[in-house]
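Have a look at the model first.

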Amino acid sequence: MGEASRASSSAYPLLLVLALAHWRGVAAASSTTFTVSNYCSQPIWPGTLAGAGTPQLPTTGFRLDPGQSALVPAPAGWSGRLWARTGCAFGAGGEGTCQTGDCGGRLECAGAGGAPPATLFEVTLGKGATGLDYYDVSLVDGYNLPVVAVPRAPSGAGCNATGCTADLNL
């Protein structure tokens with residue numbers, strides 16, 4: 001963990017065990033779709049936060065039950081982080097709290113980062129046909145769940161996985 005990896009933006013989707021997510025460049029890197037999957041035994045509430053100078057994603061927080069996946073589109077050049085919140089309870093208006101990774105007491109994080117502890121997937125997507133994607137799994141904000149990013153290329157070649165599948169709280 002902590003070691004940054006990079007990939008060609010148009011050629012490499014990424015599989016992230018955020019339980020688990022991957023990204024796939026679409027239309028020659030004009031956009032990317034993150035697939036976030038929950039391989040945990042309990043629900044998670046993924047949150048997203050855009051980096052400086054990039055827009056927030058169409059959803060910045062949602063619920064994923066065990067075994068579910070969700071697609072989250074991102075524009076070329078997007079930069080930000082994605083994390084899983086745990087132990088959340090939200091009312092009909094989206095207000096509530098999470099035991100880990102809480103982002104201001106709301107279902108949609110809307111520009112708020114996750115409160116520690118939260119294992120982070122961080123990414124900067126390249127622009128254009130020769131742009132590179134940079135990604136890592138970080139414990140800078142603590143650890144709450146295993147997260148692994150596994151890039152995949154259409155040609156079968158790819159970059160190295162990064163992250164941790166073990167429960168570090170044990």
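Of the 170 residues in the protein chain, 50% count as buried. Buried means under 20% relative accessible area, exposed over 50%, and partly exposed in between (1.4 Å probe, protein chains only). The model is predicted: local features need pLDDT of at least 70, side-chain atom pairs count only at pLDDT 80 or more, and totals for chains, interfaces and linings use all residues. Residues are numbered from 1 along each chain as its sequence is written, and side-chain values use heavy atoms, with hydrogens and water left out.

The chain has 13 strands and zero helices. Both are DSSP runs, numbered from the N terminus: helices are H or I with at least four residues, strands are E with at least two. Contact means heavy atoms within 4.5 Å. Among contacts between residues at least 6 apart in sequence, 58% join residues at least 24 apart.

Two disulfides are present. A disulfide is a pair of cysteine sulfur atoms within 2.5 Å. Their pattern is 1-2, 3-4, with bonded cysteines counted along the chain.

| Disulfide | S to S distance |
|---|---|
| Cys88 to Cys98 | 2.0 Å |
| Cys103 to Cys109 | 2.1 Å |

The link of Cys88 and Cys98 is right-handed, with 110° about the S-S bond. Cys88 lies in the loop between strands S7 (79-85) and S8 (89-90), and Cys98 in the loop between S9 (96-97) and S10 (120-124), so the pair ties together parts ten residues apart in sequence. For Cys103 and Cys109 the torsion is about -80°, so that disulfide is left-handed. Cys103 is buried at 2% relative accessibility, and Cys109 is buried at 4%.
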